[in-house]
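Subject: Structure handover and notes

Hello,

Here is the structure for you to look through. Please open it beside these notes and follow the residues as they come up.

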Amino acid sequence: MSMSLVRAGATVRATLSGELTVDDVAEMHRALGDVVDGETSLVIDAAEVARLDVAAAQLVVATSHRVGACRVEAASPAWSYAWSLLGLDALGAPTEGGALP
């Protein structure tokens, strides 16, 4: 797992790559917690994600509720497949101005 977080004003860009699994969630949670708040606009670049498990997806959903806006800018086939397999596509992906239900 690799995660790069870059802040530009109120926007944080999270570039994710590799396998995002339960083994990585604590580290991801700490890193995101240091840079996001209710005023943050979070942009996720998941173009290089090779695997996303339910724990990592849950962290994305929870984080989307902690920020002012959240959107996935780019999604790899693995990210899209996991999102769909977990039934999250029926809820909608995190988008500008909102969080997942």
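This is a predicted model: local features need pLDDT of at least 70, side-chain atom pairs count only at pLDDT 80 or more; totals for chains, interfaces and linings use all residues.

Residues are numbered from 1 along each chain as its sequence is written, and side-chain values use heavy atoms, with hydrogens and water left out.

Confidence

The pLDDT is the predictor's confidence in each residue, from 0 to 100. Its mean over the protein is 87, and 88% of the residues reach 70 or more. Helices (H or I, at least four residues) and strands (E, at least two) are DSSP runs, numbered from the N terminus.

Salt bridges

A salt bridge is a side-chain nitrogen of Lys or Arg within 4 Å of a carboxyl oxygen of Asp or Glu. The whole structure holds four of them. One joins Arg13 to Asp45, with the closest N and O atoms 3.0 Å apart. Arg13 is in strand E2 and Asp45 in strand E3, so this pair ties together parts that are 32 residues apart in sequence.

For accessibility, buried means under 20% relative accessible area, exposed over 50%, and partly exposed in between (1.4 Å probe, protein chains only). Asp45 counts as buried because its relative accessibility is 14%. Arg13, at 29%, counts as partly exposed.

Another salt bridge is formed by Arg51 and Glu19, where the closest N and O atoms are 3.8 Å apart. This pair also links distant parts of the chain: Arg51 is in strand E3 and Glu19 in strand E2, 32 residues apart. Arg51 is partly exposed at 41%, and so is Glu19 at 44%.

Glu73 and Arg71 form a salt bridge too, at 3.6 Å between the closest N and O atoms. Glu73 is partly exposed at 41%, as is Arg71 at 30%. Arg13, Asp45, Arg71 and Glu73 are linked in a network of salt bridges.

What else does the side chain of Asp45 reach? It comes to 3.0 Å from the backbone nitrogen of Ala47. Contact means heavy atoms within 4.5 Å. Leaving out residues up to four places away in sequence, Asp45 touches Arg13, Ala14, Thr15, Leu16 and Ala74.

Asp24 is in helix H1 (residues 22-35). Asp24 is buried yet has no salt bridge, and the nearest side chain of opposite charge, Arg51, is 7.7 Å away. For charge, Lys and Arg count as positive and Asp and Glu as negative, while His and the chain ends are not counted. With the same exclusion of residues up to four places away in sequence, Asp24 touches Met1 and Glu19.

The core

A nonpolar core is a set of buried Ala, Val, Leu, Ile, Met, Phe, Trp, Tyr and Cys residues joined through side-chain atoms within 4.5 Å. The largest one has 25 residues, and those touching the most other members are Leu20, Leu42, Ile44, Val49, Leu52, Trp79 and Trp83. E2, H1, E3, helix H2 (54-66) and helix H3 (77-85) are the elements that give two or more residues to this core. H2 gives the most, with six residues.

Regards

Key. A polar contact is a pair of N or O atoms within 3.5 Å; within protein, one must be able to donate a hydrogen and the other to accept it, and residues adjacent in sequence count only if both atoms are side-chain atoms.
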